[in-house]
Amino acid sequence: MIREKRNQFGYTQEEMANMLEISLRQYVRIDKELCLPRTDILDKLISMFNLSNEEIGIYVKTVLYKKIS
């Protein structure tokens with residue numbers, strides 16, 4: 001979901017990493033839904049993309065499901 005939002009806004013992965021002040025590698029893992037971002041990073045993503053509670057819940061469930069699969 002984060003990848004789709006990023007693409008809608010026209011940002012590259014590198015631009016996102018810079019805006020979030022994290023490494024590109026760390027952002028790629030978030031983009032690929034391989035890990036949940038830290039709370040401060042998630043807060044920035046929520047603000048940047050104006051994510052709803054429903055979207056956040058879906059994202060978290062998706063990432064957690066991938067981790068246990």
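**Reading the helices and aromatic contacts of a predicted chain**

Colleague: How many aromatic pairs does a search of the whole structure find?

Modeller: The search finds two aromatic pairs. In one of them, the ring centres of Phe9 and Tyr11 are 6.2 Å apart and the planes meet at 15°, so this pair is stacked. The other joins Phe9 to Phe49, with 5.0 Å from centre to centre and 55° between the planes, and is tilted. This second pair links distant parts of the chain, since Phe9 belongs to helix H1 and Phe49 to helix H4, 40 residues apart. Through these ring pairs, Phe9, Tyr11 and Phe49 form a cluster.

Colleague: Are Phe9 and Phe49 buried or exposed?

Modeller: Phe9 is partly exposed, at a relative accessible area of 41%. Phe49, by contrast, counts as buried, because its relative accessibility is 3%.

Colleague: With which residues is Arg6 in contact, leaving aside its neighbours within four places in sequence?

Modeller: Arg6 lies in helix H1. Its contacts beyond those neighbours are Tyr11, Thr12, Gln13, Met16, Tyr27, Asp31 and Phe49. Arg6 itself counts as buried, because its relative accessibility is 8%.

Colleague: Which residues of helix H3 are buried, and how are they placed around its axis?

Modeller: The general idea comes first. An α-helix has 3.6 residues a turn, so residues three or four places apart point the same way. In H3, which covers residues 24–31, the buried residues are Tyr27, Ile30 and Asp31. Viewed down the axis of H3, they fall within an arc of 100°, so they line one face of the helix.

Colleague: Against which helices do the buried residues of H3 pack?

Modeller: They pack against helix H1 (2–9), helix H2 (13–20), helix H4 (39–49) and helix H5 (53–68). Just after H3, Glu33 adopts a positive phi of about 60°.

Colleague: Which members of the largest nonpolar core touch the most other members?

Modeller: This core holds 16 residues, and those touching the most other members are Ile2, Leu20, Ile22, Tyr27, Ile30 and Leu45. Two or more residues come to the core from each of H2, H3, H4 and H5.

Colleague: What pattern does the chain follow along the sequence?

Modeller: The pattern is α-α-α-α-α, with five helices and zero strands in the chain.

Colleague: What share of the residues is buried, and what share of the contacts joins residues at least 24 apart?

Modeller: Buried residues account for 32% of the 69 in the chain. Of the contacts between residues at least 6 apart in sequence, 59% join residues at least 24 apart. The accessible surface comes to about 4,600 Å², and 51% of that surface belongs to carbon and sulfur atoms.

How values were computed
Residues are numbered from 1 along each chain as its sequence is written. This is a predicted model: local features need pLDDT of at least 70, side-chain atom pairs count only at pLDDT 80 or more; totals for chains, interfaces and linings use all residues. Side-chain values use heavy atoms; hydrogens and water are left out. Buried means under 20% relative accessible area, exposed over 50%, partly exposed in between (1.4 Å probe, protein chains only). Helices (H or I, at least four residues) and strands (E, at least two) are DSSP runs, numbered from the N terminus. The arc is that of the directions from the helix axis to the C-beta atoms. Contact means heavy atoms within 4.5 Å. A nonpolar core is a set of buried Ala, Val, Leu, Ile, Met, Phe, Trp, Tyr and Cys residues joined through side-chain atoms within 4.5 Å. Accessible areas come from the Shrake-Rupley method with a 1.4 Å probe; for residues, only the protein chains shown count as cover. Rings of Phe, Tyr and Trp (its six-membered ring) pair if their centres lie within 6.5 Å; planes under 30 degrees apart count as stacked, over 60 as edge-to-face and the rest as tilted.
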